[in-house]
Amino acid sequence: APFAAAIALTVPRMRLHVHRWGSGPTVALIHGGVLGGREAWRAQRPLTERWTLLAPDRPGRGMSPDARQDFEPEATLVADQLLGAPVHVVGYSYGAIVAMLAAAQRPQGVRTLTVVEPPATSVARGVAAVDEWDAELRKPCASSERGAGALVGARPPGDADIRLGALAAAPFPMLVVSGGHMEGYEAVCDAIAAGTGADRAVIRGGAHLVPDTGRPFNERLESFMTGVVP
């Protein structure tokens, strides 16, 4: 469609608004489909005592220019604007797909990669619960009523080509986190971990809102990041 084509052309040229807090080694936090960078990572503020947190507003959220959610051009935005020097990368939900694609594009700019409950259904096709979930995710994506929900009008997350082999071969370590609340997410996270050799964690208590668990998520994330830093 002409609108979609225009978005594909304009998104790579936009500048993401990036919130910055704290001091220390840099962590880039890529939010999901609902809240902008400031709100999505509010429970991670205690990390600012030891880390510099960069939280971009993805296109159409917060203070970044409006655009259709699309993991592919967004990955290029993140790679170009945040992965110039090696940083720790954390992606949540749809933003975890963006984070994986960005890390694959610019592996030299990634110190560690953590992904939290990505709806990357393509990595676990053939699992009944995942296939049913993928079909449900595609319904809002096909709607033209943009702004009415997290995935309305978005590019379907199941269309993302997650090259697990490339991530497995990358020089950075990887952590995959789920919330232990839904079979589809668990199957996807298990498949990503198996295909990349990533560490795997389940943090319960927040359902899909794993970062909102605060201390349990922060401690697991921080132990992973510090465990690989000389």
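Guide: The following conversation sets several descriptions of this predicted model against their criteria.

Visitor: What makes up the secondary structure of the protein chain?

Guide: The protein chain holds 8 helices and 7 strands.

Visitor: Why is the protein chain called as compact as a globular protein of that length?

Guide: For 230 residues the globule rule gives 17 Å, and the radius of gyration of the protein chain is 16 Å; the two values are close, so the chain is as compact as a globular protein of that length. Along the principal axes, the C-alpha trace spans about 50 × 40 × 30 Å.

Visitor: How much of the protein chain counts as buried, and by what cut-off?

Guide: A residue is called buried when its relative accessible area is under 20%. Of the 230 residues, 54% count as buried. The accessible surface of the chain comes to about 9700 Å², and carbon and sulfur atoms contribute 53% of that area.

Visitor: What share of the contacts joins residues 24 or more positions apart?

Guide: Among contacts with a separation of 6 or more, 71% are between residues 24 or more positions apart.

Visitor: How far apart are the mean positions of the positive and negative charges?

Guide: The protein chain carries 22 positive and 23 negative charges, and their mean positions are 6 Å apart.

Visitor: How do you know that the length of helix α7 agrees with its number of residues?

Guide: Helix α7 covers residues 183–196, which is 14 residues; at 1.5 Å a residue they should span 20 Å, and the end C-alpha atoms are 20 Å apart, so the values agree. The buried residues of α7 include Tyr185, Val188, Cys189 and Ile192. The buried residues of α7 pack against the helices α4, α5 and α6 and the strands β6 and β7. Gly197 follows α7 and has a positive phi, near 80°.

Visitor: Why is α3 described as mostly covered?

Guide: In α3, 9 of the 12 residues are buried. Among them are Phe71, Leu77, Val78 and Leu82, together with Glu74 and Gln81. The buried residues of α3 pack against β1, β2, β3, β4 and α4.

Visitor: What makes the backbone of Ser93 and Glu117 worth noting?

Guide: Most residues other than glycine have a negative phi. Ser93, although not a glycine, has a positive phi of about 55°, and Glu117, also not a glycine, has a positive phi of about 45°. Ser93 lies in the loop between β4 and α4, while Glu117 lies in the loop between β5 and α5.

Visitor: Are Ser93 and Glu117 buried or exposed?

Guide: Ser93 has a relative accessible area of 11%, which is under 20%, so Ser93 is buried. Glu117 has a relative accessible area of 0%, so Glu117 is buried by that criterion too.

Visitor: Why is Tyr94 called buried, and what does Tyr94 contact?

Guide: Tyr94, found in helix α4, has a relative accessible area of 1%, under the 20% cut-off, and is therefore buried. With neighbours within four places in sequence left aside, the contacts of Tyr94 include Gly32, Arg58, Phe71, Pro119, Leu151 and Arg155. Tyr94 and Ile30 are 64 residues apart in sequence, and their C-alpha atoms are 8.8 Å apart in space.

Visitor: What makes Val87 count as buried?

Guide: Val87, in strand β4, has a relative accessibility of 6%, which is under 20%, so Val87 counts as buried. Not counting residues up to four places away in sequence, Val87 touches residues including Thr26, Ala28, Leu82 and Val110. From Val87 to Cys189 there are 102 residues in sequence and 22 Å in space, C-alpha to C-alpha.

Visitor: Where is Gly214, and why is Gly214 placed in its accessibility class?

Guide: Gly214 is in the loop between β7 and α8. The relative accessible area of Gly214 is 10%, under 20%, so Gly214 is buried. Gly214 and Gly227 are 13 residues apart in sequence, with their C-alpha atoms 20 Å apart.

Methods. Residues numbered from 1 in each chain as written. Predicted model: local features only at pLDDT ≥ 70, side-chain atom pairs only at ≥ 80, totals over all residues. Heavy atoms only, no water. Helix = DSSP H or I, 4+ residues; strand = E, 2+ residues; numbered from the N terminus. Rg over C-alpha atoms; globule rule 2.2 N^0.38 Å. Buried < 20%, exposed > 50% of the residue type's maximum accessible area, 1.4 Å probe, protein only. Contact = heavy atoms within 4.5 Å. Areas by Shrake-Rupley, 256 points an atom, 1.4 Å probe, with all protein chains shown as cover. Lys, Arg positive; Asp, Glu negative; His and termini not counted. Charge placed at Lys NZ, Arg CZ, Asp CG, Glu CD. Expected span 1.5 Å × (residues − 1).
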